[in-house]
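Hi,

Here's the structure I said I'd pass along. Have a look at it first, and my notes on what turned up follow below.

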Amino acid sequence: GGRALISDTATQAGLTTPVVSTDQFFHTLVVQTVPLLLTYAVGAALAAMFTIITRSTVSGILLTVVWVILDAAISYFAPSVGDFTLEKNIASLGKYLDRAGSGDMPLWQNLGVFGVYFIIPMVVAIVIFRRRDMAGN
């Protein structure tokens, strides 16, 4: 039927279906998903901090977007400082998750940079929220 016709046409055009084992699928899923989730966690922490500081959701989102752009620009234009940007460290951490198991920078640095980028905005947001908003100011 139609499936056979499409399959034959695709084969003639040089398109083949790659065979992926379950092990390969889940490995690739973890290697690509974990760094993405860590980046989103930092983005959420920054957005929460900026939102609480400015008392504006729009400002919180905009400042987070500006931070993401600056982080990428710094890692691209200033390689010496770029080793401490989130983008480079999360990419390196993703390489540690891969089968090769070696990133561009030490694993402790990758985890440390993630921790700093996540914990500091969360602590700042919590402290400001408790002091200013819980006190009724």
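**The α5/α6 pair**

Helix α5 passes helix α6 in a left-handed crossing. Before you read too much into that, note that this is a predicted model.

Which residues of the two helices make the contact? On the α5 side they are Leu86, Asn89, Ile90, Ser92, Leu93 and Tyr96. Facing them from α6 are Leu107, Gln109, Asn110, Leu111, Val113, Phe114 and Tyr117. Sorted by class, that contact of α5 with α6 has 9 nonpolar and 4 polar residues, with no charged ones.

**Asn89**

One residue of that contact got a closer look. Asn89 sits in helix α5. Is it buried or exposed? Its relative accessibility is 0%, and buried means under 20%, so Asn89 counts as buried.

Once you leave aside its neighbours within four places in sequence, Asn89 is in contact with Asp83, Phe84, Met105, Gln109, Asn110 and Val113. Gln109, Asn110 and Val113 are also on the α6 side of the helix contact.

**The chain as a whole**

Stepping back, the protein chain has 6 helices and 0 strands, and along the sequence the pattern reads α-α-α-α-α-α. Its radius of gyration is 21 Å, while the globule rule gives 14 Å for 137 residues, so the chain is more spread out than a compact globule. For the overall dimensions, the C-alpha trace spans about 70 × 40 × 30 Å along its principal axes.

How much of the chain is buried? Buried residues make up 25% of the 137 residues. As for contacts with a separation of 6 or more, 52% of them are accounted for by residues 24 or more positions apart.

**A backbone detail**

One last thing for when you go through the torsions: Arg55 has a positive phi, about 55°, although it is not a glycine. Arg55 lies in the loop between α2 (22-54) and α3 (57-77).

Cheers

Definitions and conventions:
Residues are numbered from 1 along each chain as its sequence is written. This is a predicted model: local features need pLDDT of at least 70, side-chain atom pairs count only at pLDDT 80 or more; totals for chains, interfaces and linings use all residues. Side-chain values use heavy atoms; hydrogens and water are left out. A crossing is left-handed if the near helix is turned anticlockwise from the far one by less than a right angle, and right-handed if clockwise. Helices (H or I, at least four residues) and strands (E, at least two) are DSSP runs, numbered from the N terminus. Contact means heavy atoms within 4.5 Å. Ala, Val, Leu, Ile, Met, Phe, Trp, Tyr, Cys and Pro count as nonpolar, Asp, Glu, Lys and Arg as charged, and the others, Gly among them, as polar. The radius of gyration is taken over C-alpha atoms; the globule rule is 2.2 Å times the number of residues to the power 0.38. Buried means under 20% relative accessible area, exposed over 50%, partly exposed in between (1.4 Å probe, protein chains only).
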